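Dear colleague,

Please find below the structure that I am handing over to you, together with its sequence. My notes on what was found in it follow directly after.

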Amino acid sequence: MDNNIIENIVKTAHHIYNKDMIIGKAGNISIIDKKREYIYITASGTDFKSLKYSDIIKVKLDDLSYVSNDEKVPSMETSLHIGVYINRNDVNSVVHVHSPYATAFAFSNKRLRQQEGFGEITGEYIAEVEYYTPGSKKLALHTSNALKEEDAVLLKNHGVITVGKDIDEATLLCEYIEGIAKTQYITHTLNL
Ligand SMILES: [Zn+2]
């Protein structure tokens, strides 16, 4: 087990909780190892507030096998994370949250506009993936496909997922998406 990777995930989970970017036991975080043979991912149904080292599960990329000491299982979105790593050699971390403002856009009929503040603006809106059941093969396939071209997408009626060259970049992108969603929500409200 790589303790640095695990420590990074635990710290990030606590940060995400403290930033109010997660609700209940939703959300998942992963990092791929240097050889791209294993991913380290949060266990299913974990509480980010009290996430600990034993809540991170090492999963083999090619056959999804894992060892768990205490009956924990990897996140239900493990196939989605692995699909992203297979499609993107430049991505080393995937972060999925249900941050309130960005998720509100994902539930609404309003699109979230791209905005200055993180990388180049490539289009008018943040990309969206249609709703598919969480944990489903369809959600994994459509989301990993969308993330071939994008570093952040909104999952309709669900939440946000971002990728990065490392966990800090993917997390900062989640914060950025939440920040622009908050600004645009306030703007819509002022314009009412
Ligand atoms: Zn989710």
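The protein contains an open sheet of 7 strands, ordered β3-β2-β1-β4-β7-β6-β5, and its pairing is mixed. From one strand to the next, the twist averages 20°. Two strands are taken to pair if DSSP finds at least two bridges between them. Strands (E, at least two residues) and helices (H or I, at least four) are DSSP runs, numbered from the N terminus. Axes are lines fitted to C-alpha atoms, for helices over the stretch in contact, and angles run from 0 to 180 degrees between N-to-C directions.

Please note that this is a predicted model, in which local features need pLDDT of at least 70 and side-chain atom pairs count only at pLDDT 80 or more, whereas totals for chains, interfaces and linings use all residues. Residues are numbered from 1 along each chain as its sequence is written.

As to the overall fold, the protein has 5 helices and 7 strands, which follow the pattern α-β-β-β-α-β-α-β-α-β-β-α along the sequence. Its radius of gyration is 16 Å, close to the 16 Å that the globule rule gives for 192 residues, so the protein is as compact as a globular protein of that length. The radius is taken over C-alpha atoms, and the rule is 2.2 Å times the number of residues to the power 0.38. The C-alpha trace spans about 55 × 30 × 30 Å along the principal axes. Of the 192 residues, 41% count as buried; a residue is buried if 20 or more other C-beta atoms lie within 10 Å of its own, exposed if 12 or fewer, and partly exposed in between, with C-beta atoms placed from the backbone.

Strand β1 (residues 28–32) is joined to β4 (residues 93–97) by 4 bridges and runs antiparallel to it; Asn28 has His96 as its bridge partner in β4. β4 also pairs with β7 in the antiparallel sense, over 5 bridges, and there Val94 is partnered by Val163. The hairpin of β6 and β7 has 3 residues between the strands, and Asn157 takes a positive phi near 55° in it.

β7 is mostly covered, 6 of its 6 residues being buried. Gly159, Ile161 and Val163 point one way, while Val160, Thr162 and Gly164 point the other way. Helix α2 (residues 78–87) lies across β1, β2 (38–42), β3, β4 and β7 (159–164), at about 140° to β2.

Finally, the buried residues of helix α1 are Ile5, Asn8, Ile9, Thr12, Ala13 and Ile16. They cover an arc of only 135° around the axis, which puts them on the same side of α1; the arc is that of the directions from the helix axis to the C-beta atoms. The face turned away from this buried side carries the exposed residues Asn3, Asn4, Glu7 and Asn18. Among the elements that cover the buried residues of α1 are β1, β2, β3, β4 and α5 (167–190), contact meaning that C-beta atoms, placed from the backbone, lie within 7 Å. Just after α1, Asp20 takes a positive phi of about 60°.

With kind regards

Key
Contact = placed C-beta atoms within 7 Å.
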